[in-house]
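Notebook open. I want to go through the packing, the rings and the strand pairing, in that order.

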Amino acid sequence: MPHSAKRVTVTGAAGQICYSLLFRLAKGDVFGPDQPVILQLLEIPQALPAVRGVVMELEDCAFPLLAGVVVTDDPAVAFRDTDAAFLIGARPRSKGMERRDLLLANAEIFKVQGQALDKAARREARVIVVGNPANTNAAILAANAPGFPTENITAMLRLDHNRALSQFAAKAGVPVGSLDRVAVWGNHSPTMFPDWRFATANGKSLPDLIGDGDWYKSKLIPTVAQRGTAVIEARGASSAASAANAAIDHMRDWFQGTNGRWVSMGVPSDGSYGIPKGLICGVPVTCTPGQYHRVTGLPIDEFARSMLDRTIGELKEELAAIAKS
Ligand code: NAD
Ligand code: LMR
């Protein structure tokens, strides 16, 4: 029996990330090769002509799974009956600009979209926020969607997770696919905490295999934390294809499961690990189809505690800055 089409909301559809993401969504990279999708694309009015150009290209790919495309500047239309939402539209950080400068402008965007999500989306919809500052935007979205299940609103830490995997694999001289139990905690910002304490390569301790605690602290952590800035410096624009790939990974794993493998997701805190409720914070999770499950009961040593407290502190400050404005 053919599946009925899933409605997928994507915001910022004329932007760089979407120029990669939309084609992979239509190809079946999130929901699998048997699941048709209807794309519901939201943009600001000035960018609608550009979205129509992207839609022409989608048509020209003749994707068998693409069952329809809606283009709109009305959030209520974009979120109507949606099953999955990729919230990408926001102003990206450009060279020399701090992410904090973006806080207030983006808070307004995510307030309006939270209200539309609340009114129009299916309660089962799964939401990923990519637009920066992603964790705080997701918290604002949740606060403005009181009738929508908060646990279905997440922020993207997967790019940081993938960046860490790649650096670990190169240092250890092992394939990326052999790694598991890597975690990235906290904010998608330079305060994030890539944690290798539980990581394995082919089931063996990764820290033991690498055997270089100085490299981990003085090289790995800053490299992963500053990678977004390094890409901006090199490209003159923020990461796009790798960000789209990470969003695809995040939603594919949430909808299809990870078979016990750890991934990092920004999820609404349940108070564990000393992360206050109300924050949307990166933690290690596993997924079964449609659900994420926090990895619970991990020991937090002194170093991990200080790293966690720093990134939690930043998340609290971001929310406080918006509350004050
Ligand atoms: P971009 O500027 O190329 O595209 C953003 C698009 O969003 C633009 O077309 C803009 O018109 C649109 N937009 C702005 N306000 C909107 C609104 N209210 N509704 C709908 N659309 C709106 O940027 P990009 O490179 O695609 O990046 C998008 C966002 O993703 C940025 O905030 C960037 O910082 C962020 N990002 C996050 C991660 C992550 O790991 N979480 C990684 C890379 C980039
Ligand atoms: C990234 O991590 O590549 C982006 O979030 C870039 C940025 O704006 O910091």
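Predicted model: local features only at pLDDT ≥ 70, side-chain atom pairs only at ≥ 80, totals over all residues.

**Entry 1: packing around Leu-21**

I started with Leu-21 and skipped its neighbours within four places in sequence. What does Leu-21 still contact? I found Val-10, Phe-86, Ile-88, Ala-244, Ala-247 and Ile-248 on its list.

Next I looked at the largest nonpolar core, which has 80 residues. Leu-21 is among the members that touch the most others, along with Val-8, Val-10, Leu-22, Leu-25, Phe-86 and Phe-168. Which helix gives the most to this core? I get H10, residues 241–256, with eight residues. I also checked the domains: domain 1 (6–155) and domain 2 (157–323) each supply at least three residues to this core.

There is a second, separate core of 25 residues, and I noted Leu-117, Ile-140, Ala-155 and Ile-280 among its members. As background, nonpolar side chains in soluble globular proteins tend to be buried together.

**Entry 2: rings**

I searched the whole structure for aromatic pairs and got ten. I picked Trp-185 with Tyr-273 to look at. Why is this pair edge-to-face? The ring planes stand at 80°, with the centres 4.9 Å apart, and planes over 60 degrees apart count as edge-to-face. The two residues are 88 apart in the chain: Trp-185 belongs to strand S8 (residues 183–185), while Tyr-273 sits in the loop between S12 (263–268) and S13 (280–288).

Buried or exposed, I asked of Trp-185? Its relative accessibility is 0%, so I filed Trp-185 as buried. Tyr-273 is buried too, at 14% relative accessible area.

Then I took Trp-196 with Trp-215, a tilted pair with 6.3 Å centre to centre and 50° between the planes. Trp-196 is in the loop between S9 (193–195) and S10 (200–201), and Trp-215 is in helix H8 (residues 213–225), 19 residues apart. I have both Trp-196 and Trp-215 down as buried. Ring pairs also tie Phe-168, Trp-196, Trp-215 and Tyr-216 into a cluster.

One charge over a ring for the list: Lys-217 lies over the face of Phe-303, at 4.2 Å from the ring centre.

**Entry 3: Asp-74**

I found Asp-74 in the loop between S3 (66–72) and helix H3 (75–78). With 33% relative accessibility, Asp-74 counts as partly exposed.

**Entry 4: strands**

I traced an open sheet of three strands in the order S7-S10-S11, with antiparallel pairing.

Over at S13, eight of its nine residues are buried, so I call the strand mostly covered. Six bridges join S13 to S12, running antiparallel, with Ser-264 opposite Pro-284 in S13. S13 also pairs antiparallel with S14 (residues 291–294) over four bridges, and Thr-288 faces Gln-291 in S14. I logged S13 and S14 as a hairpin with two residues between them, where Gly-290 in the turn has a positive phi of about 90°.

Terms used: Residues numbered from 1 in each chain as written. Chains lettered and ligands numbered in written order. Heavy atoms only, no water. Core = buried A, V, L, I, M, F, W, Y, C linked by side-chain atoms within 4.5 Å. Buried < 20%, exposed > 50% of the residue type's maximum accessible area, 1.4 Å probe, protein only. Domains from an automatic or database assignment. Contact = heavy atoms within 4.5 Å. Phe/Tyr/Trp six-rings, centres within 6.5 Å; stacked < 30°, edge-to-face > 60°. Lys NZ or Arg CZ within 6 Å of the ring centre and 35° of its normal. Pairing = 2+ DSSP bridges.
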